[in-house]
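Subject: Structure handover

Hello,

Here is the structure I said I would pass on. Please open it and keep it beside this email while you read.

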Amino acid sequence: MNTNLPAYRPIQALPDNLISQIAAGEVVERPSAVVKEVLENALDAGATNITIRLEEGGVKRIAICDNGRGIPPEQLPLAVARHATSKISSLTELENVATLGFRGEALASIASVSLLTLTTRTADAPHAWQIEAGKISPASGAIGTTVDVQDLYYNTPARRKFLKSEQTEFGHCAEVVRRIALARPDVSFSLTHNGKAVDHWNVSAIDKRSAQILGDAFSSARLPLDESAGPLRVHGFVGLPTASRGRADAQFFYVNGRFVRDKLLTHAVRAAYQDVLHGDRYPSYVLALDLDPALVDVNVHPSKIEVRFRDSRAVHQFVFHAVSRALAQTSATAFGTVPAPATAASATAVLSGKTPWIAGEQTTFASQFATPSPYAGNNGSGFGGSQNYNNFGSKNEHGVAQSLQSYGAFFKSDNTNNAFDAPPSVPSAPTSTLPEDDHPLGFALAQLHGVYVLAQNSKGLVLVDMHAAHERILYEQLKNALDENAMPVQPMLIPVTFYADAVEVGTVEEHQETLKTLGFDMSAISPTTLAVRAVPALLKNADAQSLARDVLREVREFGGSRVLIDRRNELLGTLACHTAVRANRSLTVPEMNALLRQMEHTERADQCNHGRPTWVQLGMNDLDKMFLRGQ
């Protein structure tokens, strides 16, 4: 039994100073919280130029100067008083908050645990005014406000003990500045620490500001996004799946200009990436959601970093589908560049797609090896339209006509056929000049070790992982067929039978509808034998027994309805992997070109189902650097 109970005390009102210090425990968690509150006030005041000076990670000093509207001298006492603000005056305005700061506690809380000096001047004032320790006096200063916070937690030493090292605290402060600077590219920011300039961002567009803050790796591997639906609008940039990171440290989401960490929004973006990203990797993105302030509650957390939506499901679905549609454009035709950047020193170098042809004899030399596709005259589905090659020499015209005639039947194949069902005997493709932008992945030259396809395009050399690329093609075809409830089926000439245990037999009998939806016709012909009579036509070349066992395993573990909804992508990815062309399989040039054309017309073709790149580009400049040409 605890005998050290405190002595009885009567209920009494706490002094204002102690109340402010208690409030500071929620608002002023560490120096970065001070930076956040003061920066938000500066932006609400209309500032277009903000300077942040820190000393010893912000513990010794935080001085933030802005060129905003300033505060009239008669309102200075209220500026540092508790529950005093210019941003809300009624419950209606609280439910429709359109400003960043609004609680009316920040400066009062900061003043209770530090030495605060506030210097401000309005446009119509002859000079600035200053308030320090409750005393107001004239001062010198430009139009705007300077908040000078010194010796944070000087009067609460217990709290100061919980602070981390100087570099750690500075890192948190710098991160806050980065977040706010990303949201407001129309404002210039300068950050110094211990007298040394750290960051400076001039007024610029969001694409340039995000490139400055997140680096070239993000700027060269991102997709723009801007979609609206009713009162909702989401815009910004999402990183390519192949430019994912090992940590979730490049994810920035804003709601009405306010940086938030919202589980609903994070889940929506993550769900959009799950189809193209490995489970251990994290996407990069800078996204802003704009909506009516009445539809979101930003007053659910003291630091205002969490929000609550009135219709959370609608917001989730809107963000999920918007990001999904942006990622669906990661095909060679739509994006026109490569999955991810890298250095030219590596054989896996990837360019941004803007490398020009080099001039002089090398251009002429390269053109000697330019080989047009034998499919140039195709108008069939899935391979692109016809092309007119005006640069063919007369000696090649007959060869071209023969090639096109030989491949005519191949082009008219429907989408249910395997990408590599080419005629067994094909004449060589004629030699001519290469069309510049008709086919971003170019035309096949050779196959390397039965794993990679080497192709030439107008930028240089393209390397394709044929298994990863074919897997993505099949996967997207399976998804589309299942979405349209029109999975093409391939009946087996002779049913495939195999031994099955009682659980597998029971699964077949219990989930017939699910199996039929997936394109499988299976039945039990004895208590220990199953027969496969049909499989999805897209998977007709796969081992029927392995396919059946994988499907039954998923259906048995997760149930029929969940397999078709929650586990659909995982199951289809497994099925696509069964049929995708394997390593060490020799492909003909027409087969390789067919793969390239299908990649160009397949959504998300820049990466496989697990987020690995399916192709990379080596530009002519990169090749020149590797061989020290021109140096």
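The expected span of a helix is 1.5 Å times one less than its number of residues. Helix α18 (residues 544-558) has 15 residues, so it should span 21 Å. Its end C-alpha atoms lie 21 Å apart, which agrees with that value. Please bear in mind that the model is predicted.

Several residues of α18 are buried: A544, L547, A548, D550, V551, L552, E554, V555 and F558. An α-helix has 3.6 residues a turn, so residues three or four places apart point the same way. You can look at the buried positions with that in mind. After α18 comes G559, which has a positive phi, near 90°.

Next, the sheet. Its 8 strands run in the order β5-β4-β3-β6-β2-β1-β7-β8, and the sheet is open, with mixed pairing. At the edges are β5 (135-139) and β8 (196-201), each of which pairs on one side only. From one strand to the next, the twist averages 15°.

The loop between β3 (115-121) and β4 contains P126. Is P126 buried or exposed? The cut-off for exposed is over 50% relative accessible area. P126 has 70%, so it is exposed. The C-alpha atom of P126 is separated by 9.7 Å from that of S140, and the two residues are 14 residues apart along the chain.

A helix also lies across part of the sheet. Helix α2 (residues 31-44) lies across β1 (49-55), β2 (61-66), β6 (144-150) and β7 (188-193). Relative to β2, α2 runs at about 10°.

The last item is a pair of helices, α10 (residues 263-273) and α11 (residues 312-327). Their axes come within 8 Å and cross at roughly 35°, and the crossing is right-handed. On the α10 side, the contact is made by L264, L265, H267, A268, V269, A271, A272 and Y273. On the α11 side, S312, V315, H316, V319, F320, V323, S324 and L327 take part. What classes of residue make up the contact of α10 with α11? There are 12 nonpolar and 4 polar residues, and no charged ones.

Regards

Terms used: Residues are numbered from 1 along each chain as its sequence is written. This is a predicted model: local features need pLDDT of at least 70, side-chain atom pairs count only at pLDDT 80 or more; totals for chains, interfaces and linings use all residues. Side-chain values use heavy atoms; hydrogens and water are left out. Axes are lines fitted to C-alpha atoms, for helices over the stretch in contact, and angles run from 0 to 180 degrees between N-to-C directions. Helices (H or I, at least four residues) and strands (E, at least two) are DSSP runs, numbered from the N terminus. A crossing is left-handed if the near helix is turned anticlockwise from the far one by less than a right angle, and right-handed if clockwise. Contact means heavy atoms within 4.5 Å. Ala, Val, Leu, Ile, Met, Phe, Trp, Tyr, Cys and Pro count as nonpolar, Asp, Glu, Lys and Arg as charged, and the others, Gly among them, as polar. Two strands pair if DSSP finds at least two bridges between them. Buried means under 20% relative accessible area, exposed over 50%, partly exposed in between (1.4 Å probe, protein chains only).
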